[in-house]
Amino acid sequence: MGEKQAQLDQLKKEIKNDKTLPLFGEANLVFGEGDVNTKIMFIGEAPGFYEDQQMRPFVGQAGKLLDELLVSIKLPREFVYITNIVKRRPPQNRDPLSEEIAAYKPYLKKQIQIIQPQVIATLGRFSMNYFLPTAKISQDHGKLFHLKTIYIYPLYHPAAALRSTMVLDALKKDFNKLPLVLKKAQA
Ligand code: URA
């Protein structure tokens with residue numbers, strides 16, 4: 001096993017046993033998965049019903065769309081790393097609370113430090129605002145932001161794209177720009 005995978009396994013153990021975390025004991029841990037040597041991480045909001053059941057990120061309807069979008073740019077799911085800012089499902093899929101986001105923050109930070117992606121594609125406004133607190137999803141999706149040593153590429157949440165063809169069109173367009181974004185990040 002590689003060094004990064006070993007560090008992530010250790011981190012997963014720590015988060016699993018951290019009883020101080022909100023939603024501990026109420027929902028399963030959905031830590032994240034994918035290629036630990038990837039150049040790009042996708043970060044969503046929080047697990048939903050199916051993610052909680054399967055303990056894997058983005059495996060419901062939104063995940064199916066994400067998979068299709070990834071395949072459409074020849075970057076299948078197994079080539080990227082996918083996780084969420086909050087790693088347990090909030091009850092009834094409600095929006096994550098700011099204290100939940102804050103509580104899980106040290107773990108996400110560590111996860112990013114271990115993987116060291118060049119680009120983080122955020123899915124939805126919660127994840128975008130985690131990195132870019134003043135950004136507005138309607139204005140800033142599909143724009144590339146340089147944050148210290150990393151690029152942040154805000155995308156609409158695929159669940160929002162399932163509810164609106166306008167959002168779906170925008171999301172497809174932004175996905176089509178991803179190969180160029182990755183090239184730029186590596187330059
Ligand atoms: N929505 C998210 O934000 N994350 C998931 O893992 C699934 C749906």
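I take buried as under 20% relative accessible area, exposed as over 50%, and partly exposed as in between, with a 1.4 Å probe and protein chains only. By that rule I find Lys-74 exposed, with a relative accessible area of 72%.

**Basis**

I am working on a predicted model, in which local features need pLDDT of at least 70, side-chain atom pairs count only at pLDDT 80 or more, and totals for chains, interfaces and linings use all residues. I number residues from 1 along each chain as its sequence is written, and side-chain values use heavy atoms, with hydrogens and water left out.

**Entry: whole chain**

I looked up the secondary structure and found nine helices and six strands, where helices (H or I, at least four residues) and strands (E, at least two) are DSSP runs numbered from the N terminus. The radius of gyration is 15 Å, close to the 16 Å from the globule rule for 187 residues, so the chain is as compact as a globular protein of that length. I take that radius over C-alpha atoms, and the rule is 2.2 Å times the number of residues to the power 0.38. Along the principal axes, the C-alpha atoms fill a box of roughly 40 × 35 × 30 Å.

I find that 51% of the 187 residues count as buried. Contact means heavy atoms within 4.5 Å. Of the contacts with a separation of 6 or more, 72% are made by residues 24 or more positions apart.

**Entry: core**

I define a nonpolar core as a set of buried Ala, Val, Leu, Ile, Met, Phe, Trp, Tyr and Cys residues joined through side-chain atoms within 4.5 Å. The largest has 61 residues, and Ile-40, Phe-42 and Phe-175 touch the most other members. Helix 4 (residues 98–115) gives the largest share of this core, seven residues. I listed what Phe-42 touches beyond four places in sequence; among them are Leu-66, Leu-70, Tyr-81, Leu-123, Phe-175 and Leu-178.

**Entry: positive phi**

Most residues other than glycine have a negative phi. I noted Phe-58, not a glycine, with a positive phi of about 45 degrees. Phe-58 sits in the loop between helix 2 (49–54) and helix 3 (61–72), and is buried at 6% relative accessible area. I also noted Lys-74, with a positive phi near 60 degrees. Lys-74 lies in the loop between helix 3 and strand 3 (81–84).

**Entry: single residues**

I checked Asp-67 in helix 3 and found this residue partly exposed at 26% relative accessibility.

I checked Met-128 in helix 5 (residues 125–131) and found a relative accessible area of 1%, which is buried. Beyond four places in sequence, Met-128 is in contact with Thr-122, Ala-135, Lys-136, Ile-137 and Pro-154. The C-alpha atoms of Met-128 and Lys-143 are separated by 11 Å.

I checked Leu-147 in strand 5 (residues 145–147), partly exposed at 30% relative accessibility. With neighbours within four places left aside, Leu-147 is in contact with Phe-131, Leu-132 and Ile-152. The C-alpha atoms of Leu-147 and Thr-122 are separated by 13 Å.
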